[in-house]
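Work through the exercises below with the sequence and the model at hand. Each task is followed by a solution in steps.

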Amino acid sequence: MAESTENTESTESTESTESTESTESTESTESTTSPIARSSIAPVPPVEIVEGWEVSRRTSDAALTLSDESPLGKVVVHAPERGVFATTVGGGDGVAFGRAQRRADGVLVIGSSPGEWLYLGPPGCAASVLGAALASAASGAAGGAGGASTAGGASSEHVSAVDITHGRALIRLTGSAAPRLMAKICAIDLDDRITPNGTALRTSVAKLVTDVVRDDTADGTRSYLLHCDRSSGQVLFDAVLDAGIEYHIDIAGFATI
Amino acid sequence: MIQVSCPWCGPRNSSEFRYVGESKGRPDPNAATPEEWRRYLYVKSNPADWATETWYHRAGCRRFFAVERHTVSNEIRETRRPAAQLRLEGGAP
Amino acid sequence: MSATRVAGAQATSAPMRLAAQPGEVIDRSRRLAFTWNGRPAEGFAGDTIASALAASGVRVFSRSFKYHKPRGLLSATYHDPNCTLQVGDDPNVRAAHRRLSAGIAVTSENTWPSLSFDVRSANRLVSRFLGAGFYYKTFIKPQRLWPAYEKVLARFAPGGIVEPDSPHGHFDKRYVHVEVCVAGGGPAGMTAALAAAAAGARVLLVEEEPELGGHLRYGTDADRAAAAELRAAVAAAEGIEVMTDAVVTGRYDDNWVAVVQRDVPGVFERLCKVRARTLVVAPGLIERPYVFEGNDLPGVMLSSAVARLVNLYAVKPGQRAVVLSANPEGDAAVDDLRRAGVEIARVLDARTGANVVRAEGGRVLRRVELGDGSKLDCDLLVTAVGWTAPTSLLNFAGDRPVYDPDAARFFPGGQHAANVFPAGGLCGDGSLDEIVAHGRAVGAAAAAAGAAGTRPPIPTLARRPHPALFRSTTHGTVDWSEDVSSKDLLAAAKEGYDSIELVKRFTTVTMGPSQGKLESVNAVAVMSEALHQTIAETGTTVWRPPYVPITLGALAGRGFENTRVSPMHGWHVARGARPLVAGDWIRPDHYGDPAAEVNNVRTNVGLIDVTPLGKLDLRGPDVAKLLGLVYVNKWAKLAVGAVRYGVMCGEDGVVLDDGVTGRLGDDHYLMSTTSSGAATVWEWVENWLQTEHPEWQVHVTPVTTAYASMNIAGPKSRELLGRLIVGVDLSAEAFPYMHVRQGRVAGVNGCFLWRIGFTGELSYELHVPAAYGLHVWEACFTAGADLGVAPFGVEAQRIMRLEKGHFIVGQDTDGLTQAFGADLDWLVKLDKDDFAGKPELVWQQAAGGYQRLVGLQPVDPHIVPAEASQLVEGAKTIVGRITSSRMSPTLGRAICLGFVAPHLTVPGTLVTCQLPDRRRIPVRVTEHLAHFDPDGERLRG
Amino acid sequence: MSDQPVGSGVPARGVPAIRIPTPTASPNGSRNTKARYPAKYSALSLFTHGLRGRDWPRMWRRHELRPSYDVVIVGAGVHGLATAYYLASNWGITNVAVLDKGYVGGGGSGRNTAIVRANYLTPEGVRFYDRSVKLYENLAADLNFNVMYSQRGHLTLAHNDSSLRTMRWRAEVNKLEGVDTEVIGPDAIKELVPYMDTSDETRYPILGALYHPPGGIIRHDAVNWGYARGADIRGVHIHQETEVTGIDVEAGRVTGVQTTRGRIAAPIVVNCTAGWATLISDMVGVKMPIITHPLQAAVTEPVKVFLNAVVVSGTLHVYVSQTDRGELVFGASTDPYASYSTRGSLEFTEELAGHILELMPSISKMRVLRQWAGLCDITPDFSPIMGITPVEGFLADVGWGTYGFKAGPVSGEAMAELIATGRTPEIIASFDLARFAEGRLVGEKGAAAVGH
């Protein structure tokens with residue numbers, strides 16, 4: 001029965017998000033009225049519409065940059081902390097609490113809390129991620145039921161997924177000085193030995209409850225994703241900028257994941 | 001700033017948590033006398049000694065958990081999941 | 001050529017400046033001009049303010065707090081109580097520590113009208129009548145005159161000046177994580193840091209002076225060479241962060257260590273919060289003054305002050321000196337003085353009983369009287385009578401220092417926390433090699449602590465015997481900054497203030513800016529005399545943080561304060577909305593005319609931004625159970641697509657929050673809470689799920705700001721929405737009151753619509769994926785222009801909800817209002833098996849006799865009683881109060897909600913209301929809470 | 001001295017009647033000091049003492065423990081000392097011992113921020129604290145000791161309309177009780193406190209304040225010492241460094257206390273131990289609804305006096321006043337978790353500084369000189385627990401939270417009356433222990449947050 005529920009859930013949201021995306025393509029004629037998605041952080045010029053989002057296209061070659069990545073798709077999945085989904089199949093991709101891992105399709109899967117996973121992907125990915133997560137959850141649940149085929153739903157665990165793309169602000173801080181900057185606004189020990197690449201944690205940053213994910217760039221440059229309640233996005237962004245002045249921080253435009 | 005070791009997140013500054021208070025069992029709401037119920041609401045043992053408390057990781061994993069803290073030294077000797085969860089997990093096959 | 005310029009300079013502006021000294025830290029090539037009490041002055045880069053002034057011949061730096069006696073350099077350290085000066089807008093600057101910078105305006109404090117002539121010094125003449133605590137014994141009667149006396153006393157307040165417009169300045173903070181934090185950059189501290197780093201620990205090394213080295217900096221050539229060597233080693237070592245001109249101000253539970261950093265470019269002061277696995281305390285020793293008559297005259301100074309002045313700053317401390325020495329440091333000072341060309345009138349060896357009993361002079365020292373009664377003319381008296389261990393950090397860590405009579409000083413008591421390690425002079429004496437060995441061993445042990453493996457042993461430092469010299473045969477100053485003499489302490493003890501804590505409070509000894517670093521041990525010694533007991537028995541007062549004063553600015557840092565806004569915030573600002581600060585949120589209070597906003601909603605249609613409304617996404621088979629537990633009403637039968645109003649109570653039955661919750665799918669609900677209650681309710685719900693019912697399958701996701709929420713209210717709201725929505729039949733039949741639908745609004749999918757009505761009008765609460773909030777909001781205004789759509793703010797909403805009689809939790813209820821008192825009889829379902837607060841509500845209903853929330857209307861429709869106006873009987877018996885009141889634009893009369901005593905709840909009852917201006921008016925209890933459309937035809941329409 | 005009609009109030013079971021002896025003959029303290037005892041303080045005596053260089057007599061003397069006292073008071077803070085003083089001065093009951101494990105006024109009475117006010121929320125609260133203010137106004141004369149009560153005015157700021165509403169509520173109740181309290185606007189605030197940022201650009205704009213002219217600050221040590229001296233002069237024994245280790249109860253009645261200096265028999269034992277209240281009441285098995293939280297305070301280096309009112313912000317959890325010595329004295333709300341630690345924390349000073357600079361940005365360069373902490377015995381309704389307990393002869397004067405010092409005089413007066421008359425004075429009737437089990441909490445809960 002859990003499955004059926006979740007499927008309704010997923011179709012609900014899938015339908016909605018998909019057509020949201022379709023809006024831009026199909027109704028391009030009435031582009032004036034076609035919905036524009038806006039981040040809670042004011043974009044610095046030049047501003048463009050990308051994937052229906054109003055984003056900054058500013059480029060910077062500074063050694064330390066801050067960018068608004070709020071348009072990324074964000075899905076939170078809840079499942080029993082020590083259940084089938086968490087351990088085996090891995091809608092969570094076996095990603096443990098406190099770790100982050102990038103999937104082949106570029107989606108970043110974060111063990112954001114015990115029994116909670118956060119998926120970050122390109123704008124508009126939410127729908128497919130929702131579907132996928134729940135599908136694997138369903139199969140995982142069944143698999144988890146092992147040979148007890150008759151047990152069916154009874155033994156299946158409760159997994160749910162919510163699209164929170166609009167509920168969070170997401171910014172990226174990149175540069176070798178990032179940990180020194182963070183030390184001014186975050187009490188966590190960011191030493192390599194303590195919090196290596198791929199670490200995910202939720203803590204207080206500039207007095208805001210913030211998810212911190214260390215997600216170094218391909219070339220190994222230190223990079224953090226900071227993720228807080230949408231309504232406080234501008235405050236977090238400004239706090240990081242303020243702390244970065246002594247490290248000559250600069251604002252960079254949106255660069256999809 | 002004392003450090004509280006969250007059973008899930010590990011040691012964090014106490015400012016990330018909310019002190020809920022001394023852990024107390026909830027009386028049967030349909031059987032409790034006013035005296036019993038209000039003892040549950042208001043009376044704490046308030047020892048100058050080891051105390052078993054409930055804390056909430058407000059700025060972290062948002063989990064409630066049990067803490068054994070000495071109220072004079074503020075030393076914390078143990079943190080663990082809430083009793084109800086331990087019972088549940090213990091009971092699971 | 002610069003040399004000649006300098007020579008010239010010495011001749012004119014710096015009579016006391018010596019020729020280049022081997023260890024001097026001044027840069028003679030960089031002259032810095034500043035002003036001293038308005039007159040031009042000059043010094044060199046590297047000078048402290050005090051050394052520059054001393055070089056130019058200044059001997060009197062300040063006046064004392066109580067008797068306004070002239071005061072000069074005593075210790076020439078940060079703790080020097082006599083040269084706290086005003087520098088620009090910076091009060092109480094420690095001039096013997098603060099580096100000179102060009103262009104600063106330095107003025108003395110506590111002087112009136114001037115430093116040289118201070119009329120308040122007349123206090124000295126009557127000092128015998130103004131003993132410690134004299135003010136407790138006078139100004140008693142007549143009582144009414146005390147304020148006048150008080151103003152006089154207040155004029156004697158010491159310290160600098162802050163102006164109402166002093167600029168805030170840039171302050172900052174930083175976290176640091178290390179295995180070992182070392183307090184003190186002397187030989188012991190430096191070697192401890194090196195040893196710890198060698199063991200692989202991350203180390204923070206903190207030094208008060210601008211450069212590492214400690215006392216070696218002003219010692220012998222060999223000392224300076226050793227210091228340079230250690231400095232080089234530290235600079236080369238991996239994993240040591242050095243902070244100079246920085247001080248460990250406190251050690252708190254779990255080795256949370258506070259460091260104030262003063263030399264960060266562009267930052268006035270930075271507070272570093274260090275989480276250290278272990279803390280090494282290596283502050284060295286502080287030289288102790290000697291108590292005798294006249295010991296506070298300018299010209300009486302400590303041997304370490306001489307060493308600093310001569311060796312670091314090339315300043316000649318005086319012309320003709322008498323030296324009282326009880327230790328090698330004192331003897332070394334004699335050599336320094338000779339080298340500086342100071343005539344040595346006499347060297348008194350305290351170890352062989354020589355003594356000083358009196359210092360004489362007017363503004364400065366002229367002559368000293370010796371133990372044998374003979375007198376010597378001199379302008380400099382140097383004392384070296386012993387050392388004080390600054391054990392503050394150990395005290396903060398729980399230690400009680402122990403006095404050793406043979407060494408005549410306190411030592412660590414060993415009761416401090418296991419993650420704190422004292423090192424160096426604090427623990428004992430020894431040759432440089434022995435100190436270095438000790439530091440190295442402590443550093444290694446500190447690095448090993450907490451880690452696996454065995455703890456390296458720490459050698460014990462020998463304790464050098466030292467004569468116990470505290471007070472001579474005469475009485476003198478014990479506390480310079482508080483003007484407390486040994487006489488005062490003896491008198492206080494006789495008067496019954498016979499414990500060190502009591503005498504401290506009564507005489508204020510050690511309570512001043514130096515917090516006892518120079519004074520404590522002498523105070524304890526004098527008290528021991530008075531109480532005929534040993535110093536060990538007398539004990540010492542508890543040192544409290546901070547070790548040195550720290551600015552409010554540094555403690556505040558950048559002052560991050562959360563401010564939350566909705567996606568439509570900019571739109572409101574652009575339309576001149578008056579901001580309303582509601583907790584973290586900034587909301588539009590109104591757009592100019594709340595009454596007009598109300599009228600427009602009642603006649604046309606209006607939009608309000610209600611994004612802060614708390615929203616929790618609840619999923620799972622057991623959600624209904626959860627709702628039944630946290631709400632006072634029933635939820636089992638709520639159909640998919642329906643919404644229901646609910647009220648939550650605490651376990652004490654007191655109203656906690658309210659809101660509507662809708663069922664979106666079989667196992668999917670959306671709960672709304674009050675804006676201010678959002679966080680509380682989320683935590684409340686999690687608490688029940690995690691600590692009482694972990695077996696329930698419910699997933700809670702806060703989605704408050706995932707949606708931009710707007711309420712479209714008014715008779716034309718259906719028409720407006722109809723123009724924008726796709727996929728939802730808005731007809732009253734298809735979408736009745738208290739239901740929820742999902743659809744596509746203005747091209748945005750995944751919007752939720754609740755048909756509810758806080759305002760009492762036909763209205764739809766629209767929840768839009770937040771990023772599209774502004775788009776949909778603007779679309780509504782475009783689409784509804786011809787319908788007269790206009791925004792309305794929180795104030796208009798408050799008026800309308802009051803017209804409608806909806807209470808607001810926290811305004812129309814208080815910390816003791818249980819559900820029945822809030823007129824919720826219709827909602828509370830006591831036949832439910834269990835819900836939060838049920839027992840209290842059962843008893844409340846049974847007992848009765850509680851105040852109840854009712855609708856109230858002043859008989860005179862034009863008088864609006866201010867909220868919180870009291871309802872009274874007789875002279876002063878309170879029988880209720882107005883909780884909400886407004887002039888209703890719809891009804892054209894004043895309307896209220898309020899609490900009334902049980903005997904007044906009958907509709908029609910007249911109650912007396914006392915207005916803030918004490919006028920009393922009659923108000924009538926109405927039949928319903930609702931003043932307008934009680935049957936709700938409009939919102940059901 | 002007392003306006004209370006003698007024996008007014010509710011008969012209190014559980015207070016054994018005690019014989020009221022004639023006060024012990026004028027104390028013979030003069031033997032242990034060459035000074036004349038007791039001393040009369042005045043400008044003249046100050047002058048003559050100064051002239052003759054004569055010593056002052058002891059403020060209070062040291063005694064051997066008597067085997068029994070009529071009343072044993074545990075805790076030599078302002079509550080215990082005031083109770084002893086009024087027992088002796090109002091009722092002639094002098095066979096009284098005040099015991100303390102430390103020294104006079106060493107607990108909360110010497111660690112608080114010495115703010116006195118009466119602008120409470122409930123009529124019972126207002127009446128009670130107003131009586132205290134009245135007693136404080138005459139205390140210097142009564143005790144012949146200058147307690148330096150400075151009625152400079154007390155401001156409680158409101159930064160949002162809900163707190164402004166609470167201020168108005170308090171003002172209205174105060175008016176009805178005849179207490180001088182009113183709500184004033186930003187301009188009037190700026191006049192009283194020129195350093196205050198009353199502009200509306202601030203993060204926490206100041207919408208108004210509750211202004212209470214009789215409120216102010218006092219020299220807390222002087223109050224403690226003055227009461228101690230007054231009690232001592234009248235024959236009360238003050239025993240410092242005498243810790244109570246147990247309380248003897250027989251058949252539901254108190255019979256005496258065990259101390260580190262031996263046993264004392266007594267039919268009446270009064271618990272005045274504030275932060276340690278439950279540790280004492282646990283000795284007789286009386287459970288108190290009290291939690292002990294540290295309350296921290298801090299003082300800055302002195303600067304020339306610029307702040308002439310007491311300023312409180314509940315929203316920002318800070319209160320501040322400036323002493324005649326020029327130091328700013330700060331306090332905040334209690335620590336977030338229960339503790340008996342008085343070590344103090346850094347986060348307290350950080351929060352404090354951040355919030356005080358929101359109010360007065362120009363004092364950022366003032367420096368914090370010292371911080372300390374005291375222990376607060378907090379009850380669920382922010383009101384005290386006074387009077388009888390289930391154990392006969394064991395009386396409570398506890399649950400003071402952050403309000404204890406300002407209530408010292410009236411509490412002492414009322415407890416003395418209760419002991420002397422066996423009747424609970426009306427003024428403390430609503431503060432009984434039974435109210436919790438019976439669900440009659442006092443409404444001060446409405447005005448939570450920082451109440452200084």
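**Exercise 1. A helix pair**

Is the crossing of H6(C) and H7(C) left-handed or right-handed? Describe also how the two helices pack and which residues meet.

Solution. The model used here and below is a predicted one.

Step 1. Two packed helices are described by the angle between their axes and the distance between the axes. For helix H6 (residues 303-313) and helix H7 (residues 328-339) of chain C, the angle is about 35° and the axes are 9 Å apart.

Step 2. The crossing of H6(C) and H7(C) is left-handed.

Step 3. H6(C) contributes Ser303(C), Val306(C), Ala307(C), Val310(C) and Asn311(C) to the contact, and H7(C) contributes Glu329(C), Gly330(C), Ala333(C), Asp336(C), Leu337(C) and Arg339(C). Sorted by type, the residues of this contact are five nonpolar, three polar and three charged.

**Exercise 2. A sheet in chain A**

Give the strand order of the open sheet of five strands in chain A, and find its edges.

Solution. Step 1. The order is S6-S7-S8-S5-S9, and the pairing is antiparallel.

Step 1. Strand S6 (100-102) and strand S9 (160-163) of chain A each pair on one side only, which makes them the edge strands.

Step 2. On average, neighbouring strands of this sheet are turned by 20° against each other, direction ignored.

Step 3. Strand S5 (residues 73-78) of chain A runs antiparallel to S9(A) and is joined to S9(A) by four bridges. Val75(A) has Asp163(A) as its bridge partner in S9(A).

**Exercise 3. Chain D against chain C**

How many salt bridges are counted between chain D and chain C? Set the count beside the extent of the interface.

Solution. Step 1. The contact involves 93 residues of chain D and 102 residues of chain C.

Step 1. About 8600 Å² is buried between the two chains, 56% of it on carbon and sulfur atoms. Leu176(D), Lys365(D) and Arg367(D) supply 9% of the area that chain D buries against chain C, more than any other three residues.

Step 2. The count is 16 salt bridges. In the salt bridge of Glu301(D) with Arg94(C), the closest N and O atoms are 2.7 Å apart.

**Exercise 4. Backbone details**

Where does Pro46(A) lie, and where is Pro546(C) placed?

Solution. Step 1. Pro46(A) is in the loop between strand S1 (37-38) and strand S2 (47-50) of chain A. A cis peptide bond, omega about -5°, joins Pro45(A) to Pro46(A).

Step 1. Pro546(C) is in the loop between helix H13 (535-538) and strand S28 (550-551) of chain C. The peptide bond from Pro545(C) to Pro546(C) is cis, with omega near -5°.

Terms used. Residues numbered from 1 in each chain as written. Chains lettered and ligands numbered in written order. Predicted model: local features only at pLDDT ≥ 70, side-chain atom pairs only at ≥ 80, totals over all residues. Heavy atoms only, no water. Axes fitted to C-alpha atoms, helices over the stretch in contact; angles between N-to-C directions. Left-handed = near helix turned anticlockwise from the far one by under 90°. Contact = heavy atoms within 4.5 Å. Nonpolar A, V, L, I, M, F, W, Y, C, P; charged D, E, K, R; others polar. Pairing = 2+ DSSP bridges. Buried area = accessible area lost by both parts, 1.4 Å probe. Salt bridge = Lys/Arg side-chain N within 4 Å of Asp/Glu carboxyl O.
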